[in-house]
Amino acid sequence: MNLYQLRYFVTLAKFQHYMKASEQLCITQPSLSHAISALEKELGVKLFEKDGRNVILTKCGKNFLKDAEHTLQLLDSSVERLKSSAQGNGRLDIGLLPTLGTDFVPRLIRGFLTAYPDKTIDFHFYNGLTADFLEDLKNQKYDFTFCSRMDQEPLIDFIPVARQELVVIVPPDHPLSDRTEIRLSETLDYPQILFSRRSGLRPMIDKLFLACGKQPDCIFEIDEDQTIAGFVANGFGIAVVPNMPILTNMHLKVIHITEANWERRFYIAYLKNRYRTPLAEEFLSYVKSHALI
């Protein structure tokens, strides 16, 4: 069985006449008759029976017609989507860290859509952690992820696109709350809330404290920036986090770290040497040209 036979069968079922159907298909009547006979032989049942000069579907033919039409509709729809994709339209699946979803990525997407107003683009966004994103990226769940950089990922390219200053956050009644600047070593006397070891930011913060000669007393390990800030605001401890816009609306104090170049970088990550649709290529090019680094 092949697609030609399915299309011939559906067309003959519509016209119920070999000559009319063959004219519609632009083939000879004997060719159509041969194709239908071969299909019936393969299936082991009669699909049509004569009705004067016409043909009508048998019971088996009627049942088969529903599935044949559905199959061809699915195929035709898929073909149209692929053709549309080749023209730069289509779907993009993007993973992003929650902290990037409040400003940077939305502005990037708005700018991209404004730059390509004639394209039909279906964006799908997913929040999570860098470690999970990279595994799903390798399984081709995503086209791109906006995340931290992780070492020992030879299959993935990381392009820096944005950065955030690292700051210390403390509860409003904390002994350090009157400070506007602080050395990281001065925070070591106080219990801290750290990012979990699954977070892409945790190795960086560990290295910063290693340079101070001591690791802080960890009371909680939490995955996400906003959740850490929530625990700090409720008096559970202090933390080193990116200077996110959301911090200005929370009941806590933000203290700048005096050491230079203590910042978190964000990257767009994607698989190396893998085919990307024209839309994905255009999006990647746009992101690279509008990076904030």
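Colleague: Why is Gln140 called exposed?
Modeller: The relative accessible area decides (buried is under 20%, exposed over 50%, partly exposed in between, with a 1.4 Å probe and protein chains only). Gln140 has 56% relative accessibility, so Gln140 counts as exposed. This is a predicted model, in which local features need pLDDT of at least 70, side-chain atom pairs count only at pLDDT 80 or more, and totals for chains, interfaces and linings use all residues. Residues are numbered from 1 along each chain as its sequence is written, and side-chain values use heavy atoms, with hydrogens and water left out.

Colleague: Where does Gln140 lie?
Modeller: Gln140 is in the loop between helix H6 (130-138) and strand E5 (144-147). Helices (H or I, at least four residues) and strands (E, at least two) are DSSP runs, numbered from the N terminus.

Colleague: What makes the phi of Gln140 worth a remark?
Modeller: Most residues other than glycine have a negative phi. Gln140 is not a glycine, yet its phi is positive, about 60°. Cys26 also has a positive phi, near 60°, and is a residue other than glycine. Cys26 sits in the loop between helix H2 (18-25) and helix H3 (29-43). With 72% relative accessibility, Cys26 counts as exposed.

Colleague: Why does Cys60 count as neither buried nor exposed?
Modeller: The relative accessible area of Cys60 is 41%, so Cys60 is partly exposed. Cys218 is partly exposed too, at 31%.

Colleague: How do you know how many disulfides there are?
Modeller: A disulfide is a pair of cysteine sulfur atoms within 2.5 Å. By that rule the count is zero. Take Cys218: the nearest cysteine sulfur belongs to Cys212 and is 16 Å away, so Cys218 is in no disulfide.

Colleague: How do E3 and E4 pair, parallel or antiparallel?
Modeller: Strand E3 (residues 90-96) and strand E4 (residues 121-127) pair in the parallel sense, over seven bridges. One of the bridges joins Leu96 to Asn127 in E4.

Colleague: Why is the unit of E3, helix H5 and E4 given a hand?
Modeller: A crossover is right-handed if, with the strands pointing away from the viewer, the path from the first strand over the helix to the second runs clockwise. E3, helix H5 (residues 104-115) and E4 make a right-handed β-α-β unit.

Colleague: What makes a space a cavity rather than a pocket?
Modeller: On a 1 Å grid over the protein atoms alone, a cavity is a set of points where a 1.4 Å probe fits but cannot get out, while a pocket is an open set with protein on both sides within 12 Å along at least five of seven lines; lining residues have an atom within 4 Å of a point. The structure holds one cavity of 30 Å³ or more. The largest cavity has a volume of about 70 Å³, and its lining includes Leu97, Phe195 and Arg264.

Colleague: What is the volume of the largest pocket?
Modeller: The volume is about 320 Å³. Among the 13 lining residues, the closest to the centre are Arg149, Met150, Gly200, Pro203 and Met204. The largest share of the lining, four residues, comes from E12.

Methods
Points joined across faces, edges and corners; volume = space filled by probe spheres on them. Pairing = 2+ DSSP bridges.
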